[in-house]
Amino acid sequence: MLFFLIVLLALAACAGGGDDPAVVVEKYLQAKVDSDADQIRALLCSEMEAVLERETRTFESVTGVELEDMSCQQNGESDVVRCTGRIVALYGTEETEFPLVSYRVVEEDGQWKWCGEAP
């Protein structure tokens with residue numbers, strides 16, 4: 001029983017935020033590109049729960065979408081993670097690029113969570 005509990009806690013930690021805010025943002029952006037509702041839900045801060053469906057469906061109908069040259073770093077000890085790279089989406093025959101920007105993170109229940117774009 002103890003082994004089962006340890007495995008369950010380890011799996012929950014993998015799905016959630018973790019210790020590195022930059023990694024959380026990278027996981028969140030990948031989940032958004034993949035339209036992975038479960039992963040988005042696990043990484044979304046409580047303040048942003050109302051936009052879960054929008055975040056999940058952003059690229060849902062796009063046939064070709066991928067992250068290119070993504071690199072994220074926490075801005076010092078702040079709650080801001082700055083990312084470089086872009087999301088490239090193919091709409092029909094037209095390719096559209098969305099540059100990655102800075103994102104706000106918050107710590108909730110010991111886990112970092114993505115909480116929207118930073119000003």
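**Entry 1: the strand 4 and strand 5 pair.** I started at Val105 and found it standing opposite Trp114 of strand 5. This is a predicted model, so I read each entry with that in mind. The two strands, strand 4 (residues 102–108) and strand 5, run antiparallel and pair over five bridges.

**Entry 2: strand 5.** Is strand 5 enclosed or open? I checked its residues, 111–117, and five of the seven are buried, so the strand is largely enclosed by the rest of the structure.

**Entry 3: Ala118.** I moved on to the segment after strand 5, where Ala118 sits. Its relative accessibility is 15%, and because buried means under 20%, Ala118 counts as buried. Which residues does Ala118 touch, leaving aside its neighbours within four places in sequence? I noted Val80, Ser102, Tyr103 and Arg104. For Arg104, 14 residues apart from Ala118 along the chain, I read a C-alpha separation of 5.0 Å.

**Entry 4: the core.** Next I looked up the largest nonpolar core, which has 28 residues. Those with the most contacts inside it include Val25, Tyr103 and Trp114. Helix 2 (21–34), helix 3 (37–43), strand 1 (64–74), strand 2 (80–91), strand 4 and strand 5 each give two or more residues to this core. Helix 2 gives the most, with seven residues.

Key
Residues are numbered from 1 along each chain as its sequence is written. This is a predicted model: local features need pLDDT of at least 70, side-chain atom pairs count only at pLDDT 80 or more; totals for chains, interfaces and linings use all residues. Side-chain values use heavy atoms; hydrogens and water are left out. Buried means under 20% relative accessible area, exposed over 50%, partly exposed in between (1.4 Å probe, protein chains only). Helices (H or I, at least four residues) and strands (E, at least two) are DSSP runs, numbered from the N terminus. Two strands pair if DSSP finds at least two bridges between them. Contact means heavy atoms within 4.5 Å. A nonpolar core is a set of buried Ala, Val, Leu, Ile, Met, Phe, Trp, Tyr and Cys residues joined through side-chain atoms within 4.5 Å.
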